[in-house]
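Please look over the sequence and structure shown here.

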Amino acid sequence: MASKSVLTSQSEDFPRWYQDVVAKAELADNGPVRGTMVIRPYGYAIWERIQGEIDTRIKAAGAKNAYFPLFIPESYLSKEAEHVAGFSPELAVVTHAGGEKLAEPVVVRPTSETVIGEFMAKWIQSYRDLPLLLNQWANVVRWELRPRLFLRSSEFLWQEGHTAHATSDDASAYAIRIQNDVYNDFLVNVLAAPTYQGIKPPSERFAGAINSMTCEGMMRDGKALQMATTHELGQNFAKAFDIHYQSEAGQAELCYTTSWGASTRLVGGLIMTHGDDAGLLVPPRLAPVQVIVVTVRDEPDVIEAADQVAKSLLDAGVRVEVDRGRGTFGRRVTDWEIKGVPLRVEVGPRDLAQGVVTVVRRDTGAKSTHGLGELAGGVPTLLETVQHDLLARAQSYLVEHTHDVTSVAGAIDAAKDGFARLAWDLVAGEGEREMNDQAVSVRCLQRRDGSMPTSDEEGDLVCLVAKSY
RNA sequence: CGGGAAGUAGCGCAGCUUGGUUAGCGCGCCUGGUUUGGGACCAGGAGGCCGCGGGUUCGAAUCCCGCCUUCCCGACCA
């Protein structure tokens, strides 16, 4: 039976749909101060899954976690000219503390290149100390003029990796490794959100970087979202903070540093990559709840069967919860659809009489019946099927919403629907300004074969342009 | 930060133009009952500094000023 829709549909009003999902899936609320965000338990559970997956990959890449302070002396920011110029407009600065005006104002970190640079300089003495591979999970503050939950909040959570290397080549290779083995691997294999990887044009580079790499995803409203980013900082920060080492030959040499991050914005990317008119849709490998077992009637034998189903799935390594005795069946079904739980197992008297349960896929709505005994074997397989189907669907979406064009005007037009791809030579300079006037920007540069260039100086590059978040 | 819209119960809204008894409605919430295979129904009930501060007035949700917050469109960004 069709019911009145719970959410604004994507086609009716996409921004409204996004807010409805955030609210009704109980992901987050606005905080009392403009731009701040309260992440609710279900939203945080998703973030914890993201954290866990990324953290494992970071450690596999050899970086170690540490923690640096929230407060940074204002003077640190000023040490790198481009860095301070880039971040000044969005800094939160503490001028008073302990009831008195501070001698030197303290900034709330917008990112930690500066403090970490200061300590890298202290810790690195010899080439034997390199590479130094650090990561921290932290909150950062960038005063946003136009906040949006998860996508752009004044305070957000992220991981920021910071590394120091003896050579430019080593720094570059490590940055590429992070980009591929941490970010791209997570995005493709866990989030099921394929992206275009490329380098940023000079205009879009991180403040203080010599090269920025990005993973650019396509949301279901045709706008691009930067899902993760990696920067080669060259020797800019090494110079500013005197990060040097003694080489094998006994010479003092400056280090090359990198930094890289992924944030709670990924939750926004998740919502807009997979979500549909029924709500959120979380890929199984990411989902904090992979299977929800719903009782159709709250009768003792049904409840007992539901608990047994949950136990057998739990034993099979499935993240499962049971929902029973809370409102009507239809209500509970809708609630879990909004939350995007990938599989629902319905346990009711009619099925039980035949020794089966009904399994429903959140992505397709397809129902199937499974014998009680074979559930623990079948569900993990089905979860993997859903995972692969979501990736395939997102992949097609990305391809279908990428249009090859041959002019700036054509690109601006194509950007109404997604990415436009065209020769970078046609765009660089005046073309980029023309696009920016239409709220279209260059998201990344690639080689013609789709691989990542080492620099924007490389000839014969293409650019992917789009409207973006 | 510029342009636009809006803040009244948890959510969505009416009331404001033309100031005047006790501020309404739908959903949700609580209690009891009937229900339950796709957002149930009946009955009873709780819940409001009408965003905050100031002003005008005998009297302000309503008129005036300031601020805060949210949403949309731009410029800036993970």
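Are Phe-14 and Trp-17 buried or exposed? Phe-14 is buried, as is Trp-17 (buried means under 20% relative accessible area, exposed over 50%, partly exposed in between, with a 1.4 Å probe and protein chains only). This is a predicted model, in which local features need pLDDT of at least 70, side-chain atom pairs count only at pLDDT 80 or more, and totals for chains, interfaces and linings use all residues. Residues are numbered from 1 along each chain as its sequence is written, and side-chain values use heavy atoms, with hydrogens and water left out.

**Aromatic pairs**

- The whole structure holds 10 aromatic pairs (rings of Phe, Tyr and Trp, the last by its six-membered ring, with centres within 6.5 Å; planes under 30 degrees apart are stacked, over 60 edge-to-face, the rest tilted).
- Phe-14 and Trp-17 make a tilted pair, 5.0 Å centre to centre with 40° between the planes.
- Both residues belong to helix α1 (residues 14-24), three residues apart (helices are DSSP runs of H or I, at least four residues, and strands runs of E, at least two, numbered from the N terminus).
- The ring centres of Phe-119 and Trp-123 are 5.9 Å apart and the planes are at 55°, so this pair is tilted.
- Phe-119 and Trp-123 lie four residues apart in helix α5 (residues 113-123).
- Phe-119 is partly exposed because its relative accessibility is 28%.
- Phe-68, Phe-119 and Trp-123 form one aromatic cluster.

**Sheet**

- An open, antiparallel sheet has the strand order β4-β6-β5 (strands pair if DSSP finds at least two bridges between them).
- β4 (71-73) and β5 (92-97) are at the edges with a single partner strand each, so one side of each lacks a neighbour in the sheet.
- Pro-73 is opposite Val-106 in β6.

Note on methods. Chains lettered and ligands numbered in written order.
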